[in-house]
Amino acid sequence: MLGSIQNHPLLISSLITFAERHHGDGEVVSRRVEGDIHRSSWSDVARRSRQVARALDALGLQFSDRVATLAWNGYRHLELYFGVSGSGRVLHTINPRLPADQIAWIANHAEDRVLCFDVSFLPLVQAIHSKCETIQHYVALCDDANLPADSGLPNLVSYERWIGREPTDYDWPTFDENAASSMCYTSGTTGHPKAALYSHRSTILHAYAGAVPDVLDLSAADCILPVVPMFHVNAWGIPYGAALTGCKLVLPGPAMDGKSIHALIETEQVTCAAGVPTIWQMLLTHVDANKLSFSTLRRTVIGGAACPPAMLEAFARHHVEVRHAWGMTETSPIGTLGALKRKHMGLPPEERAGVLLKQGRAVFGVDMRIVSTDGREAAWDGKTFGDLQVRGHWVIQDYFKHEGRSPLDDGWFRTGDVATIDPDGYMQITDRTKDVIKSGGEWISSIGVENIAMSHPAIQIAACIGVPHPKWDERPIIVAVRRPGMDLSAAELIGFYEGKVAKWQTPDDAVFVDAIPLGPTGKMLKSKLREMLRDYALPASA
Ligand code: ADP
C-alpha cells in the first residue's frame, strides 16, 4: 500500500519560486567585478532567472544541454544557478584557477554550448576559445557599457542585453527530479579532471540537510557569506540553502583578501560565513594586525581542508563559533559536520576543542564507514585508521562519461581519505591516502604534524610531507612559512614538538619557504611541494 500523499518532483526551480513568494524582499548583496556593491532581492533574482531561462530557449538550447560559467560569487552567477538548472539545462561551473588547457579540455568533455564569464576572465577565455569545440555562444557577465570591444569571441553578448530583451514571465518546466542539474570537475591533480553530475533531487535534499541547526543552521533571520566559490561544488550548496530558508545572501565577488572580507562582514552584518582555512587565515591575520573585531559574525563553517587548532582558538577569542566540515566534489559536498552534542556542553574548553577539531558527524542522508587494509570495516574507537567510504542521497554513483573502474566499492564511494571514527560517530581525517606518511610500518598523520607547527606563533602556514629514508622508508619533514617579521630556526620549530607528540612522529627537519603552493581550490598542493623539494636531502643525523 502506498501513502496517499502528493508526489511533486524535487526541482531547483521550486527553490527560487519559494524564495520570491515568501522572501521576495530578502536581500542579495554582491561585490561586483566592477568593484562596487550591488543590491538586489530574492524577487529580482527570481525575475531575472526567468529571463535567463527564456534567453536559453531563444538560443535553442535543449533539455540537458550544458551552460558553463567562469565567474566569481555574484548575483548574475546566482541567477544562472536558477535559470539554467530550473529550465532543465545543466549548469557547469568551471574553476577559473585551473590551468587554461585543462579548462578547454573540460569544456569539450562536458560539451558546453554556452560560456558565461566575468569580464575579468576575458584573457583566459580569449586564450582558450579556439580550442573549445562545442561552445557556440559567449556571454560576458556585464552590461553593454562594460562589454569588451574587439574580443574576437564568436557571438559575444553582454548578459544584461542577453536577458534584458526577454519577458520576465516564464513557466518553469516540470520533469523527472533525477534529471541532471549541475556539474563540477575535480581539480585532477593526477590525470584528467573528473566530473560529478548532480541531480535536482540530490541538490534539493542536500539543501534541506544543509539548512538544519547541526549543519549550516540557516534561517530567514540569518545573513550568510559564502566565501567558498560558486565555481567549486556549488559554494557548498549555500545558494540553494539560502533560497530555501530566505536568509540574506552576501556574495564577495573577486575580493577574497582579509580586508575586503572583514569590511563586507561588518557592513552587511553577516552572521555566518563559510570557506576554506587559507581564506580564514588571511582574514584573521588582517583582523588581529589591525586590532579589529566582529560585531555580528556568530559562526564560521570551515571545510575543504583541516581546520588547524590555532584557527579554532583565534575565532573563539573573537567569540565566533567554528563548525568544521568535511566533504568532496563527489559528495555535493556536505558529508560530515562537527557540531557538538548535548553531552559535550559541560566539557572543559580543551576537551570541547578536541571534539570540534574532528571533521564531525555524518549528516542525515550520508552514511559512512572506515575500511582497514584487510577489507573489513574498522571499529569506531577513535583510534583505528581506515579508508573512508560514504554513500547517500547526494554522493556520486560514477563520474560523468567515466569508463574504467567504478569509484564505488559494494555501493560505497571510496573517498581516498584515511580516517578514524570515534564511538560518538565523529570522524577525523588523518590524511589523503596519497599523503599518508609511512614510517617504519607506522602511519603518521601529516595533518597532525601540520597542526602543531601552525599553533606556533611565528608560523603562518605549514605543510608536512614524507621524504624517503633508507631505514624507515619515509620520514616526515615540515615545510613552513614564517609570519612576516618573525624569526624562528629549524631547530626551534622541531623543539616545539617536544612533549606534544611521540619522538617518532616528530618531523626530522623543518624547511622554511616563502610560500606554500596552493591548488585551484585554495588547498595546499603537496604534489607541487614535493616537486619543489625533489633535491632535498634529510640531515645526516636523521
Ligand atoms: P578537490 O578534490 O577538487 O581539491 P574537493 O573539495 O573535492 O576538491 O576535495 C575533497 C578533499 O578535501 C577530501 O577528500 C579531503 O581530503 C579534503 N577535505 C575536505 N574537507 C576537509 C577537512 N575538513 N579536513 C581535512 N580534509 C578535508
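How many bridges join strand 14 to strand 15 (residues 334–337)? Three, and the two strands run antiparallel. Here strands and helices are DSSP runs, numbered from the N terminus (strands are E, at least two residues; helices are H or I, at least four). Two strands pair if DSSP finds at least two bridges between them.

This is a predicted model, where local features need pLDDT of at least 70, side-chain atom pairs count only at pLDDT 80 or more, and totals for chains, interfaces and linings use all residues. Residues are numbered from 1 along each chain as its sequence is written, and side-chain values use heavy atoms, with hydrogens and water left out.

**Stop 1**

Nine strands form an open sheet with mixed pairing, in the order 2-1-11-10-12-13-14-15-16. Strand 2 and strand 16 (361–362) stand at the edges. Each has a single partner strand, so one side of each is left without a neighbour in the sheet. Strands of a sheet pair through backbone hydrogen bonds, either parallel or antiparallel.

**Stop 2: the hairpin**

Go to strand 1 (residues 27–31) and strand 2 (residues 37–41). They run antiparallel, joined by five bridges. Select Arg 31: Ile 37 in strand 2 stands opposite. The two strands form a hairpin with five residues between them. In the turn, pick Gly 35, which has a positive phi of about 105°.

**Stop 3: strand 10**

Select residues 223–226, which make up strand 10. Strand 10 pairs in the parallel sense with strand 11 (residues 248–251) over two bridges. With strand 12 (residues 272–275) the pairing is also parallel, over three bridges. Click Ile 224. Leu 249 stands opposite in strand 11, and Cys 272 is the bridge partner of Ile 224 in strand 12.

Are the faces of strand 10 covered or uncovered? Both are covered: Cys 223 and Leu 225 are buried on one side, and Ile 224 and Pro 226 on the other. Buried means under 20% relative accessible area, exposed over 50%, and partly exposed in between (1.4 Å probe, protein chains only). In a regular strand the side chains alternate between the two faces of the sheet.

Step back to Ala 221, in the loop between helix 7 (200–211) and strand 10. Ala 221 is exposed, with a relative accessible area of 71%. Its C-alpha is 8.3 Å from that of Gly 246, 25 residues apart in sequence.

**Stop 4**

Select Ser 87 and Gly 88. Gly 88 is in the loop between helix 3 (75–86) and strand 4 (90–93), and Ser 87 is found in that loop too. Gly 88 is buried, at a relative accessible area of 0%. Ser 87 counts as buried at 6%.

The side chain of Ser 87 reaches the backbone oxygen of Gly 83 at 2.8 Å. A polar contact of 3.0 Å joins the side chains of Ser 87 and Arg 89. A polar contact is a pair of N or O atoms within 3.5 Å; within protein, one must be able to donate a hydrogen and the other to accept it, and residues adjacent in sequence count only if both atoms are side-chain atoms.

Beyond four places in sequence, Gly 88 touches Phe 63, Ser 64 and Phe 175. Contact means heavy atoms within 4.5 Å.

**Stop 4: Gln 389**

Move to strand 18 (residues 386–392) and select Gln 389. Gln 389 is buried, with a relative accessible area of 3%. Its side chain makes a polar contact of 2.8 Å with that of Arg 369. Leaving aside neighbours within four places in sequence, its contacts include Asp 367, Trp 412 and Phe 413.

**Stop 5: the ligand**

Which residues are the closest to the ligand? Ala 325, Thr 329, Asp 417, Arg 432 and Lys 523 are the closest, and 17 residues surround the ligand (a heavy atom within 4 Å). The shell divides into five nonpolar, nine polar and three charged residues. In this count, Ala, Val, Leu, Ile, Met, Phe, Trp, Tyr, Cys and Pro are nonpolar, Asp, Glu, Lys and Arg are charged, and the others, Gly among them, are polar. The largest share of the shell, four residues, comes from strand 14 (residues 321–327).

Now select Asp 417. One of its polar side-chain atoms lies 2.5 Å from an oxygen atom of the ligand. At Gln 359, a side-chain N or O atom is 2.8 Å from a ligand nitrogen. The protein buries 89% of the 560 Å² that the ligand exposes when taken alone. These areas come from the Shrake-Rupley method with a 1.4 Å probe; for residues, only the protein chains shown count as cover.
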